[in-house]
Amino acid sequence: MSGKQRAAGAPGAVGIIANPAAGKDVRRLVALASTFDNQEKVRIVRRALAGLTATGVRRVYYLPDSFGIVTRAAENNRFNLDLEPIPVPCTFTASDSEQAASWLAEHGAACIMTLGGDGTNRVVARGCREVPLVPIATGTNNVFPYLVDGTIAGLAAGLLAVGQLDDTCLEQRPRLEVWIDGTLVDIALIDVAVSRERFLGTRAIWDPNTIEQIIVSRVIPGVIGLAAVAAALCPIPAPTGAFVELGPGSVSVTVPLAPGLVTTVPVRAWCPVEPGDEIVIEQRPCTLALDGERELRVERSHRVTVRLSPSGPLVLDPRLALGEAARRGCFLSPLTSAL
Amino acid sequence: MEIPRERLRWIYERMALIRAFEDRVAQEFAAGKLPGFVHLYAGEEAIAVGVCAHLTDRDYITSTHRGHGHCIAKGVDVKAMMAELFGKATGVCKGKGGSMHIADVDKGMLGANGIVGGGPPIACGAGLMAKTLGTDQVAVCFFGDGAAEQGTTHEAMNLAAIWKLPVVFVCENNLYAESTPWTYHCAAPDIASRAAAYDMPGVLVDGTDVFAVYEAAGEAIARARRGEGPTLLECRAFRYYGHFQGDAVSYRTPEEEAAYRQRDPIQRFRQTVLSQGLLSEDELDAIDAAVQHEINEAVRFAEASPLPPPEDCLTDVYVSYPAEQLAFRH
Amino acid sequence: MVVATRVLSYRQAINEALRLEMRRDPTVILMGEDVAGGATIQHIEQEGAWGGPLGVTKSLVSEFGRQRVLDTPISEAAFIGAAVGAAVTGLRPVAELMFVDFFGVCMDQIFNQGAKLRYMFGGKAKVPMVIRTMIGAGFGAAGQHSGCHYAVFAHMPGLKAVAPATPYDAKGLLIAAIRDDDPVMFFEHKMLYDMTGEVPEGDYVVPIGKADIKREGNDVTIVAISRMVHIALEAAKRLSTEGIEAEVVDLRSLSPLDEDAVLSSLAKTRRLVVVDEDNPRCSVAADIAALAVDKGFDYLDAPVKLVTAPHTPVPFSPSLERYYIPTPERVIAAVREIV
């Protein structure tokens with residue numbers, strides 16, 4: 001089937017991007033992060049498919065990863081769904097997820113269920129445009145996605161896809177944009193860190209001594225990762241972000257920098273960041289960590305700014321969505337009869 | 001993660017040496033100069049080098065049938081290696097081991113291994129030695145995705161975990177066990193996560209990025225040296241050649257192989273160090289030239305070396321044994 | 001110097017050999033299933049539980065601690081292989097393969113790794129390890145706990161194999177095996193553990209590769225292995241009443257083989273019977289017969305007779321098991337055929 005045909009028949013379709021690499025990075029070794037094995041991801045997707053099926057969703061597009069998370073979850077298609085792989089080349093890198101999200105946006109998917117942590121959702125958000133995300137936490141740092149059962153996420157995504165819920169249920173999250181020499185090169189959903197690390201290496205970031213500055217998109221209490229530094233300093237409600245400069249100076253805060261890794265971080269200065277604000281990164285060369293992972297190497301000659309944008313991805317909170325669906329009486333009869 | 005300049009040079013030199021060695025072995029094998037089988041490591045250099053950069057001669061490694069890269073990363077003499085592959089008396093194993101059993105215990109290299117899954121228990125033994133004698137030595141067990149399905153691998157991971165042995169299990173997942181894709185041979189195609197079953201950290205690492213391997217292995221080896229027990233690293237990479245030389249590699253597409261080359265570990269290293277001005281192009285080219293020279297010399301040495309005298313067949317079986325009982329009867 | 005002796009059981013003699021060698025050499029360790037027993041169970045942590053299933057290693061843990069007397073999981077491949085790795089890197093491990101019949105689950109580590117490393121490495125490695133293992137029928141333990149199977153190991157280059165028949169030999173051979181720089185298979189017959197005999201105090205060595213004349217005689221040579229030595233001696237005693245004086249050669253070592261001892265006895269008696277509890281096909285008995293025919297043909301005045309187990313697994317029922325094991329009567333019958 002060609003892409004164009006799909007575009008015609010796509011309304012009501014749900015995309016699934018399950019990152020097989022999520023939840024396995026070096027923070028199992030340098031911190032005490034959980035291992036999210038792929039069998040568990042298969043089980044989560046299986047429950048999500050059950051939820052989607054119950055709402056009447058017929059068509060599911062999925063990122064065909066080398067593990068076959070979604071095909072295994074479908075168990076010879078016991079759910080009788082129209083399951084179609086998203087036709088992107090499998091490169092075993094993060095770009096697979098981004099390409100898949102772009103394809104789903106182009107082909108009119110109603111929403112995208114993601115399985116991963118902040119890193120996975122960042123990559124999906126680079127490609128998904130206006131398509132809402134239903135993010136299920138299976139990563140290391142899970143500030144962005146929801147720790148929710150696949151069944152609930154599947155029901156919520158399904159109700160949105162079949163039209164029982166609408167855009168009023170969605171929340172637009174902020175994002176941090178990284179501009180180099182006037183070009184938007186990347187985004188982060190939760191935080192950008194300026195690191196002295198020379199190499200991207202294992203990508204994860206866990207040593208506060210290597211970090212110069214942190215910019216967070218929103219100050220959220222009770223999170224793990226660099227965003228926890230801002231949360232410990234600035235108990236201000238969303239949607240304000242924050243800028244934090246690390247180093248000996250005014251105060252120190254004790255924060256969970258990674259799962260099981262509670263450490264004291266010296267803070268030189270900090271201030272709130274409003275949507276639209278731009279922060280110029282003076283420290284160069286440096287490495288920028290986006291949502292906890294070293295991603296960009298910045299040279300001395302580059303002009304780098306980070307801008308807090310209110311126009312990040314649209315997100316559906318599964319629990320709020322099911323509450324709204326209940327108010328609308330969606331569950332008073334078999335879900336599929338509403339179609 | 002800071003890597004001193006000399007270490008960066010060493011990393012590049014070792015990776016380049018492995019690549020040059022394997023490419024040359026492929027040629028010499030095709031020319032019919034090498035007996036037996038060879039399994040080439042090209043494409044996976046970042047794993048052996050990134051790991052062994054943290055080891056000394058006193059540390060041990062166990063290897064696989066694809067063991068040349070591990071030998072070179074562990075500092076085994078390349079001339080003696082080449083001579084071994086030629087079956088010569090000057091070989092590192094006196095022509096008795098060949099490619100599949102190439103070893104040098106003086107360098108802590110406990111052997112390539114013709115048995116898939118043969119190495120993990122032996123690595124536990126080296127770790128047990130260190131623990132028993134109270135040294136800070138570690139043992140690294142390299143194994144492939146194929147060996148991930150062997151009982152010995154699981155038994156060894158469990159043993160290392162219950163005894164908190166200083167062993168680091170490094171799975172080199174090159175996506176194919178011979179011609180069988182790991183997505184077929186692995187019920188839950190996810191090797192790093194298996195560590196959870198043995199209460200040890202399991203980490204997925206980009207095995208085409210020597211900096212990623214170096215950093216993860218450094219943490220795992222430091223943990224082992226501190227007596228905190230084993231770690232499993234799953235390093236994903238690609239082998240450029242077939243399972244063995246002569247394999248037509250019909251199970252992979254040209255597109256797939258081209259995609260591998262996009263992530264070539266040596267090119268990636270070059271780009272990183274050049275873009276950051278850590279090493280110069282001239283410097284890297286000089287290393288390449290030196291490596292080529294070393295390989296040429298190794299082949300010259302191997303070709304000029306004599307075959308072992310036939311009766312050497314009868315030596316090195318035991319430390320002591322009645323000689324007449326080793327010989328054939330008539 | 002007069003060395004004091006006292007009566008010890010075969011079991012005690014083995015225990016004493018281990019104890020003396022562990023005192024003498026800190027690199028000697030024991031490992032195996034329940035060799036101490038009861039690991040981590042607090043009230044017996046110091047003294048251990050079983051000390052091996054038949055108590056052979058009893059109380060060694062209380063002297064040497066759990067660091068040197070290691071209970072293993074039931075993972076023969078892992079711990080036999082670990083013994084290989086430990087031996088090649090500097091220890092002198094004594095691993096216990098509880099019953100020789102279990103070799104199937106760890107044979108690769110024994111014969112492809114332990115036995116061949118030195119050769120494949122061009123002589124650079126040595127593998128000073130001992131595998132103690134129980135052999136033999138008579139316990140009603142049936143098919144998977146009663147075999148001898150030492151021929152399998154004697155067949156393999158790189159391994160040495162010894163099978164003591166008396167407490168004296170057990171102690172001396174085990175000390176020799178531990179001090180030996182090659183991997184040695186040490187076969188203990190389970191029906192001999194309670195057998196007693198004079199054993200010197202202190203350490204002494206019974207050299208590997210040396211047979212022992214357990215009874216002198218001029219009329220027939222009976223070569224026997226392990227428990228069969230006692231069957232042969234019983235047969236010889238009865239034959240003596242008929243005026244037939246048998247010489248009983250206890251082989252003790254199966255690899256290397258004391259060919260001179262066999263041939264010189266044969267030169268004297270000119271008749272040969274071999275008694276072997278192992279299965280007959282490609283057995284040590286067959287090897288001895290081949291030796292006699294090859295190198296002792298001119299001495300022979302009669303065909304070589306083999307008294308062995310049948311070519312069957314070891315049966316369970318007492319009547320069947322009695323039938324399986326060679327008896328003095330069968331040895332006497334064989335001798336009568338050729339004398």
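Predicted model: local features only at pLDDT ≥ 70, side-chain atom pairs only at ≥ 80, totals over all residues.
Two residues are taken to be in contact when their C-beta atoms, placed from the backbone, lie within 7 Å. Chains A and C share no contact at all, and their closest C-alpha atoms are 24 Å apart.

Start with the B–C pair. Here 39 residues of chain C meet 42 residues of chain B. On the chain C side, H3, helix H4 (107-114) and helix H5 (117-120) each put in at least two residues. H3(C) gives the most, with ten residues. Sorted by class, the side of chain C that touches chain B holds 19 nonpolar, 13 polar and seven charged residues.

H3(C) also takes part in a helix-to-helix packing across this boundary. Helix H6 of chain B, residues 151-162, packs against helix H3 of chain C, residues 76-88, with the axes 8 Å apart and an angle of about 70° between them. That angle falls in the 65 to 115 degree range, so H6(B) and H3(C) count as roughly perpendicular to each other. From H6(B) come B:Gly151, B:Thr152, B:Glu155, B:Ala156 and B:Leu159, and they meet C:Ala77, C:Ala78, C:Phe79, C:Gly81 and C:Ala82 of H3(C). Split by class, this helix contact has six nonpolar, three polar and one charged residues.

Over at the other touching pair, chain A brings 22 residues and chain B brings 26 residues. Helix H2 (27-30) and helix H3 (38-55) of chain A each supply at least two residues to the side of chain A that touches chain B. The largest share, three residues, comes from H2(A). That side of chain A is made up of eight nonpolar, eight polar and six charged residues.

Chain A has nine helices and 17 strands. Its radius of gyration is 20 Å, close to the 20 Å that the globule rule gives for 339 residues, so chain A is as compact as a globular protein of that length. Along the principal axes, the C-alpha atoms of chain A fill a box of roughly 65 × 40 × 40 Å.

Among the strands of chain A, six form an open sheet with antiparallel pairing, in the order S12-S11-S10-S9-S14-S15. Strand S12 (261-273) and strand S15 (293-298) stand at the edges with a single partner strand each, so one side of each has no neighbour in the sheet. On average, and ignoring direction, neighbouring strands here are turned by 40° against each other. Inside this sheet, S9(A) (residues 191-195) and S10(A) (residues 211-216) pair antiparallel over five bridges, and A:Ser195 has A:Ile211 in S10(A) as its bridge partner.

Another open sheet in chain A has four strands in the order S8-S7-S16-S13, again with antiparallel pairing. Its edge strands are S8 (183-188) and S13 (278-280), each pairing on one side only. Strand S7 (residues 175-180) and S8(A) run antiparallel and are joined by five bridges; A:Ile180 stands opposite A:Thr183 in S8(A).

A few backbone details in the loops are worth a look. In chain A, a cis peptide bond links A:Arg284 to A:Pro285, with omega at about 0°. A:Pro285 sits in the loop between S13 and strand S14 (286-290) of chain A. Chain C has a cis bond from C:Ser255 to C:Pro256, where omega is near -5°, and C:Pro256 belongs to the loop between strand S12 (253-255) and helix H9 (259-269) of chain C. In chain B, B:Lys94 has a phi near 55°, a positive value in a residue other than glycine. B:Lys94 is in the loop between helix H4 (78-85) and helix H5 (119-133) of chain B.

Finally, the records. UniProt, in an unreviewed entry, places the feature "domain: Dehydrogenase E1 component" at residues 13-310 of chain B. That span is 44% helix and 10% strand, and its end C-alpha atoms lie 37 Å apart. For chain C, an unreviewed UniProt entry places "domain: Transketolase-like pyrimidine-binding" at residues 8-195. The end C-alpha atoms of residues 8-195 of chain C lie 8 Å apart, and the span is 34% helix and 18% strand.

Terms used:
Residues numbered from 1 in each chain as written. Chains lettered and ligands numbered in written order. Nonpolar A, V, L, I, M, F, W, Y, C, P; charged D, E, K, R; others polar. Axes fitted to C-alpha atoms, helices over the stretch in contact; angles between N-to-C directions. Parallel < 35°, antiparallel > 145°, perpendicular 65-115°, else oblique. UniProt positions renumbered as here; feature names shortened; annotations may be inferred. Pairing = 2+ DSSP bridges. Rg over C-alpha atoms; globule rule 2.2 N^0.38 Å.
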